[in-house]
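This report describes selected features of a protein model. Look at the sequence and the structure first, then read on.

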Amino acid sequence: MVIHALLKRNTYYDSIALMSVAQAVKDLPGVVDVGAVMATSINCELLQNSDLLPVAFLAEQQTPPGPEDLLIVVRASDEAQAQAALAAAEQRLTSRGDRGATDSAAPLPVRSLELALQHNKAANLALISVAGEHAWLEAEQALRHGLHVFLFSDNVPIEQEQRLKALAVKNGLLLMGPDCGTAIINGVGLGFSNVAPRGSIGIVGASGTGMQQLICLIAASGMGISQAIGTGGRDLSEAVGGVMMRSGLALLANDPQTEVIVLVSKPPAERVAREILAAAQLAKPVVVVFLGTERFATIAGKAHVARTLTGGAELAVSLAGGDRTRVPGEGTLHKYNLAAERAKLASSQRYIRALYSGGTLCDEAMLLLSEQVGAVASNIPLRPEWALAAGETFRGHTALDLGSDEFTRGRPHPMIDPALRLQYLARAAQDPETAVILMDIVLGFCAHPNPAAAHVPAISQVRATAAAAGRSLPVIISLCGTEGDPQRLSMQRKALEAAGALVYESNVAAASAAASFVERS
Amino acid sequence: MTVSLLALDYSRPIQPLFAQASRAGSIHSAFHHAVNITLDDTMLSLLSSELPRMPNSARLPPVVAEELLHGLRPGMQVWIGSASLRIPARDFSLHLPQTPPWEPRPGIADYRWSRKTVIHHIRLLAHHLAAQPQRGGLAPLIGPLLLGQPAPETPLSRMALPALRMLALASWRRDSAGVAEATRGLAGLGPGLTPSGDDALAGFAAVMTLLSPYLSADAAPRDDIAATIARVARPRTTALSAVLLAHAAQGEVAEHLGNLLLALALPAEASEAVLHAANHVLSFGANSGGDTLLGMLLALRALEGEID
């Protein structure tokens, strides 16, 4: 029986690694026992009590081993087996990722902001889409590196948003977000974005789909976009104070490519809206679309206030020297024979059922519908008393924002995966009180690659089922996209119309068409 | 270009290292999810946030930790101070966030403590530890120490068992010389970068510092025992162990151990929550979790009086 040892000075492995190596070596032929310990004096005593103390080996050492040294000892049947066992131990330790003195020359994968910057020192914008818990950290690092930030992540605490935006302003940078869905910067789309020509209309928006609707309607008129700067949906809240909308406004005010500025948001905090309007008194025309807050018209001064996204697009096109009649707005309402469609409804069919993926589009539709048909129940209600109760799917006229948190937790956004919406479509179609179904389909980057293909079979089926039950079931689509989008607007429209859907590019027109089926007499 | 990162979080005891003038240290050891850095007589750990917070740690998001730790080697120079940690060989600097630090001393005083309830939990946890698959270390000694079971016949248990018994007895009797002798028999003993004996001593010391004022049957605090353990162990074990023992003596413990200590204040019927917290401790390292739990349970038992 022989005892051989291996001493690794100032070498540290975690205990799982050492135990695994010791067990593997113990299983080798001829090996009787193995010890792998830090060479503390009491562990040397332990080795002695285990008949593993390598007395001769230790005597050869000029400096006795100490607590910071790793001692591996093998007791084996003969010299060769002991040597082989130690060689195997060292090899296994090395293969587990020994951190030797030499540095690795292999290039590191680019999986961090810092490494990306090393690869491209000219970059000046970071797009961040990580779990909300960590997003502020990445955003802060990007800002400290002098980068503008497009922060796609949601669930960032509002205190962090306030802090990050203050840091951005201090450093003269944009912090687009958090929960920023859309931007077009120097012609490059970020997040959910559409392919639009470059032009003279600049947009600053606290609403992703609101910006997309504006961009698409402007593009349809033949005009183009200089910049589209997202701010994140909470920017115009009392807590955040419109910090980034003011920054974006200032940037566009000084941008020679921008001749007309459009500001868009869901209903902002009163004080913030007033401050934004005060900042919007520029030499350049500014169009303000703060949905549901036409009352600001009286204090808008030089700014032009529009009630709807379509109205905002028409105003901006006109102010930029374009032809506002080329915007496919409410003028397209009667391209279908709505009266004839309405005549086919059964007497039980009384209610609009709207299934939206875009929150702002849903808001806009509810504003218009409520003016024309009365109360609209919703998961994002315009009034508290119109809120759907827990477990309630539809109640009278109903508009659902299926892109809101309660529907997207643990599943893709309906702009990416329509599966959930198709379930709601089937439910709405089965209800004999449903008069018309209203949906939005948003095209562009990040959206479903072919939403018509996903929706057409379902639309055809629900219409056929309703027909078999003696009902006509109109399906109206608010189609937001451009001809340049990967899905191609015209192809999507054609496929949807072939399935019997009524397709409008203006959400206002789509909502008005839906209202026409059930308008109060 | 120097890459500048912000830590995700950091423990309160490392804050002064960043506040003082910059001083040179070096990387002591590097693992896949952790790097230990020596600075004078202390040690700081950079961890991936996949690992629990330690009393001497700053943590990084997993992706950042993976990129950074990949390139670090023992012996590399590190500068700590003037609000940053810099590793020139990697062109890297780390800053602490402006958020408040994590406090590694659990808020024991915020809870109501009942000796009767804690005794119930000790028994539950002792049986739970005894039922764990044993891979080595000192955890198997819970049987002979607290459950009246026979001792395993291994060289490690033959050395450790008398020392653990002496530690418990001397602590109850507030016999500093006995505590020192027992510590000499345990410090640096067993496998691991933090040897098993040290992990048991750390669990023991933390209980003496944090809970002896609330749970001692004779109502006498015993935080001096923890200080003796840390002082005697220091020259006899690894640098990392010595630093963690010093923290334990101050009542500063790893996140999972602190959570378990606080769980002991839960009512007897909350056994599931207590076992859940214990399992987090047991999942740490190959033997470290079990060794720490053994030391913790032995200390809690020692506060009740002499062990038969």
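Two residues are in contact if their C-beta atoms, placed from the backbone, lie within 7 Å. In this predicted model, contacts in chain B with a separation of 6 or more can be sorted by that separation, and residues 24 or more positions apart account for 66% of them.

**Chain B and its side towards chain A**

Chain B contains 13 helices and nine strands. It has 308 residues, and 53% of them count as buried. Between the two chains, 41 residues of chain B are in contact with 36 residues of chain A. On the side of chain B that touches chain A, at least two residues each come from β1 (3-6), β3 (23-30), α2 (62-70) and α5 (155-172) of chain B. By class, the residues of this side are 22 nonpolar, 14 polar and five charged.

**Two helix pairs**

Two packed helices are described by the angle between their axes and the distance between the axes. The table gives these values for one pair in each chain.

| Helix pair | Angle between axes | Distance between axes |
|---|---|---|
| α6 (176-186) and α9 (223-233) of chain B | about 40° | 9 Å |
| α13 (359-373) and α18 (507-516) of chain A | roughly 35° | within 9 Å |

At their angle, α6(B) and α9(B) are therefore oblique to each other. The crossing of α6(B) past α9(B) is right-handed. On α6(B), the contact is made by B:S176, B:V179, B:A180, B:T183 and B:R184, and on α9(B) by B:I225, B:T228, B:I229, B:V232 and B:A233. These residues of the contact divide into six nonpolar, three polar and one charged.

In chain A, α13(A) passes α18(A) in a right-handed crossing. From α13(A), the contact includes A:L361, A:E364, A:A365 and A:L368, and from α18(A) it includes A:N507, A:V508 and A:A511. The contact of α13(A) with α18(A) has nine nonpolar, three polar and one charged residues.

**A threonine in chain A**

Where does A:T308 lie in chain A? A:T308 is in the loop between β13 (304-305) and α11 (309-319).

Is A:T308 buried or exposed? A residue counts as buried if 20 or more other C-beta atoms lie within 10 Å of its own. A:T308 has 23 other C-beta atoms within 10 Å, so it is buried.

Leaving out residues up to four places away in sequence, A:T308 touches A:E364 and A:V508. A:E364 belongs to α13(A) and A:V508 to α18(A), and both take part in the contact of these helices. A:V264 is 44 residues from A:T308 along the chain, and their C-alpha atoms are separated by 9.6 Å.

Technical notes:
Residues numbered from 1 in each chain as written. Chains lettered and ligands numbered in written order. Predicted model: local features only at pLDDT ≥ 70, side-chain atom pairs only at ≥ 80, totals over all residues. Helix = DSSP H or I, 4+ residues; strand = E, 2+ residues; numbered from the N terminus. Buried ≥ 20, exposed ≤ 12 C-beta atoms within 10 Å, placed from the backbone. Nonpolar A, V, L, I, M, F, W, Y, C, P; charged D, E, K, R; others polar. Axes fitted to C-alpha atoms, helices over the stretch in contact; angles between N-to-C directions. Parallel < 35°, antiparallel > 145°, perpendicular 65-115°, else oblique. Left-handed = near helix turned anticlockwise from the far one by under 90°.
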